[in-house]
Amino acid sequence: DISYKQEDGVLYSARDMAVMRASIEQASVVLASATPSLETWANADIGKYNRVDLTERFGDARIPEILAIDMRDQPMERNSWISPHLKNEVELRLERGEQSLLFLNRRGYAPITVCRKCGDQVGCEQCDARMVEHRFQGYLMCHQCGETKQMPNVCPSCGEVDCLTAVGPGVERLAEEAQEKFPKAKISVLSSDMLISAQALKTRIKEIALGDADIIIGTQLVAKGHNFPLLTLVGVIDSDLALMGGDLRAAERTFQLMRQVAGRAGRADKKGIAFLQTHQPEHSVIKAILKGDEEEFWKSEAQQRRLNNMPPFGKLAGVILKGPNLNDVFNLANNMVKNAHILNSINAQIYGPAPAPIARVRGNHRVRILVKASKETMLQNSLMKWKNSFKIPKDIQVTIDIDPQSFY
Ligand SMILES: [Zn+2]
Ligand SMILES: [Zn+2]
């Protein structure tokens, strides 16, 4: 699972560390997952790992049926994200006294706050990122640097009064819509920023599992491992969300996440069903999720990666340079790319430099170089030698991320 990769401070993958340590100490490691990574699947495929399949679910639970709701056919009201089809399904569960989970992987109230007069979006002063409204806590927050500020009364760009409006849904806004559509239902929002401590979260999940909510609204926090025996319906509000951005792992991540979320339904003796609201039911990843054929998905994903020499069939590293002065950062990056004979000698391919997808965080400009090499090379060694052959100014930081999991 990608949450085993630490991306703050020291970059490392806990999974890879465990495998490495076990090989040093000649111990065994058990990687247990209902949704393994492609690396693990591929290692089992070539016989490097022993694969053991658990062919039955816990108790008498069955894998839920997964169906698509084609949003192009659903008449949607303004500022509404629960389709009529999904609404009916939720009502059915309410009548039966069963629980529903509405899944939206977006914290806060609305991802965008826009000015109706000038069209500007309220952004973070330190980052190339929008401020996300958290209405429950009463502030705007940058999800890159954590900076918060009060919702302004006037537009920061044009100064117009009372013109800022929320665009798009976060879980808080979805909860608002659910409360309107199901006025009698007890609704509970589970999102990492809504609960003060891990203990409070545990307690809340236990209460919900015992029936203290009719509708659960949750982010990916709910996707993993929690058992809600009364839950029989999962509605994924925006299945297309995780596919956007289109980085190397978007397909893998979406597949894993959707399978995990759907797996919340019907874990006890009641049959579960999951609906994916999507605008692109013909997308290959969505189709694979609906079909539920994991082996086929991993095989086609593996083939794609093999063709492109992408991990785990090739090596990939992200080199991020960041510093307060954009010119300085770009000059160093260009210099590094021009003087890369160490990398050329192992036939590595170099892409960039280019502004990183989030080009500024906490006031630092970020420039990215991608380096691709074949599996047999000692890429990490060469990258270190290459990096150390430059005199790096004090205010610029160069980070090497082997096998990056996220591409921000
Ligand atoms: Zn404005
Ligand atoms: Zn910020």
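Student: What is the site of the zinc ion (ligand 2), going by the angles among its four donor atoms?

Tutor: That site is tetrahedral, with angles of 106 to 112° among the four donor atoms. Keep in mind that this is a predicted model.

Student: Which protein atoms are the donors there?

Tutor: The zinc ion (ligand 2) takes the SG atoms of C124, C127, C142 and C145, which lie 2.3 Å from it. Along the chain these donors follow the spacing C-x2-C-x14-C-x2-C.

Student: Are C142 and C145 buried or exposed?

Tutor: C142 and C145 are both buried.

Student: And the other zinc, ligand 1, what are its donors?

Tutor: The SG atoms of C115, C118, C155 and C158, lying 2.3 Å from the zinc ion (ligand 1). The angles among these four donor atoms run from 106 to 113°, and the site is tetrahedral.

Student: What angle would be ideal for four tetrahedral donors?

Tutor: The ideal is 109.5 degrees.

Student: What spacing do the donors of ligand 1 follow?

Tutor: The spacing is C-x2-C-x36-C-x2-C. Within that set, C118 and C158 link distant parts of the chain, 40 residues apart. C118 is in the loop between β5 (112–115) and β6 (131–134), while C158 is in the loop between β8 (148–149) and β9 (164–167).

Student: How accessible are C118 and C158?

Tutor: C118 has a relative accessible area of 36%, so it counts as partly exposed. C158 is partly exposed as well, at 35% relative accessibility.

Student: You mentioned β6 and β8. Which sheet are they in?

Tutor: They belong to an open sheet of three strands, in the order β6-β7-β8, with antiparallel pairing. β6 and β8 each have a single partner strand, so one side of each has no neighbour in the sheet.

Student: How many bridges join β7 and β8?

Tutor: Two bridges, in the antiparallel sense; β7 covers residues 139–142. As an example of facing residues, L140 stands opposite K149 in β8.

Student: Zooming out, what domains does the chain have?

Tutor: The domain assignment gives domain 1 (2–56), domain 2 (65–108 + 169–304), domain 3 (111–167) and domain 4 (314–402). The C-alpha centres of domain 2 and domain 4 are 38 Å apart.

Student: What's the strand order in the six-stranded sheet?

Tutor: That open sheet runs β3-β13-β12-β4-β11-β10, with parallel pairing. Its edge strands are β3 (65–70) and β10 (187–190), each pairing on one side only. From one strand to the next, the twist averages 20°.

Student: How do β4 and β12 pair?

Tutor: Strand β4 (residues 99–103) pairs with β12 (residues 231–236) in the parallel sense, over five bridges. F103 has V236 in β12 as its bridge partner.

Student: Which strands does helix α5 touch?

Tutor: Helix α5 (residues 198–209) packs on the sheet and touches β4, β10 and β11 (215–218). The direction of α5 makes about 145° with that of β10.

Student: New topic, helix α2. Why is it described as largely enclosed?

Tutor: Because seven of the eight residues of α2 (residues 38–45) are buried. Those buried residues are L38, E39, T40, W41, A42, N43 and A44.

Student: What covers them?

Tutor: The cover includes α1 (14–25), α6 (250–262) and α8 (294–307).

Technical notes
Residues are numbered from 1 along each chain as its sequence is written. Chains are lettered from A and ligands numbered from 1 in the order in which they are written. This is a predicted model: local features need pLDDT of at least 70, side-chain atom pairs count only at pLDDT 80 or more; totals for chains, interfaces and linings use all residues. Side-chain values use heavy atoms; hydrogens and water are left out. Donors are N, O and S atoms within 2.8 Å of the metal (3.2 Å for Na, K and Ca); water is not among the atoms, so sites may look incomplete. Four donors count as tetrahedral if all angles lie between 85 and 135 degrees; four count as square planar and six as octahedral if opposite donors are over 155 degrees apart and all others between 65 and 115; anything else is irregular. Helices (H or I, at least four residues) and strands (E, at least two) are DSSP runs, numbered from the N terminus. Buried means under 20% relative accessible area, exposed over 50%, partly exposed in between (1.4 Å probe, protein chains only). Two strands pair if DSSP finds at least two bridges between them. Domain bounds come from an automatic or database domain assignment. Axes are lines fitted to C-alpha atoms, for helices over the stretch in contact, and angles run from 0 to 180 degrees between N-to-C directions. Contact means heavy atoms within 4.5 Å.
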